[in-house]
Amino acid sequence: GGKESDPRMNMSLREKDINRLARRNQRFYSKEKAFHKVMQADVVKLASVYGLKGQKDYEAKSGVIDVVWLNGSGELVLAVEIDNCIESCPKNKFSSLPGKVDRLWICFTADKADLSQYEKIINGSVLKYEFELQLKR
C-alpha cells in the first residue's frame, strides 16, 4: 500500500502549518528548552487560524499537555505534545482524552524510530524531526 510513502505526503493542512513552524524554529533555536517554548507558543497562536482557541499546559487527568486547541464550546479538538525523545512517548498523557480528540506528537530525535508503530500507540499523528538539540540540564 501507499502507507509506506513519506508521511509528510499525506499531512493534513494543520500538520503542514505546524511542520513549517518546526522547520523555521529549528533554524533559530538550538537549545531544546528554547525550541520547546517557542514551538508551544507558535502552536497556540496557530489555533486562531483555524477558528479555534489555543491553550498551553492544559491539565488533563493523565498529565499536563503542551498545547490543546478548543472549539467555541470549550471542547478539545487537538492535543499536541512536543518532545525530544522516543522514551517520552505521550501515550499515557493522551490516554485520558476523549476518543474524538486529534492527537499530534512533535518528536525531535536522532533515533531511528518506526513512526507508524508510534502513530498506532498514541492513536494519532507523529511529526518527527531528526535534529539534535542541545539539552540543557
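Modeller: A residue is called buried when its relative accessible area is under 20%. Please bear in mind that this is a predicted model.

Colleague: What makes S3 mostly covered?

Modeller: Seven of the eight residues of S3 are buried. For the protein, buried residues make up 43% of the 137 residues.

Colleague: Why are S2 and S3 called paired strands?

Modeller: Pairing requires at least two bridges between two strands. Val68 stands opposite Ala79 in S3. The two strands form a hairpin with five residues between them, and Gly74 in the turn has a positive phi of about 80 degrees.

Colleague: Which sense applies to the pairing of S3 and S4?

Modeller: The parallel sense applies, over six bridges; as at least two are required, S3 and S4 therefore count as paired. Here Val80 stands opposite Leu104 in S4.

Colleague: How do you know that the span of H2 is close to the expected one?

Modeller: H2, residues 32-46, has 15 residues and reaches 21 Å from its first C-alpha to its last. The expected span is 1.5 Å times one less than the number of residues, which for H2 is 21 Å. The span of H2 is therefore close to expectation.

Colleague: What do the buried residues of H2 pack against?

Modeller: These residues, among them Phe35, Met39 and Leu46, pack against helix H1 and strands S1, S2, S3 and S4. Packing here rests on contact, that is, heavy atoms within 4.5 Å.

Key. Residues numbered from 1 in each chain as written. Predicted model: local features only at pLDDT ≥ 70, side-chain atom pairs only at ≥ 80, totals over all residues. Heavy atoms only, no water. Helix = DSSP H or I, 4+ residues; strand = E, 2+ residues; numbered from the N terminus. Buried < 20%, exposed > 50% of the residue type's maximum accessible area, 1.4 Å probe, protein only.
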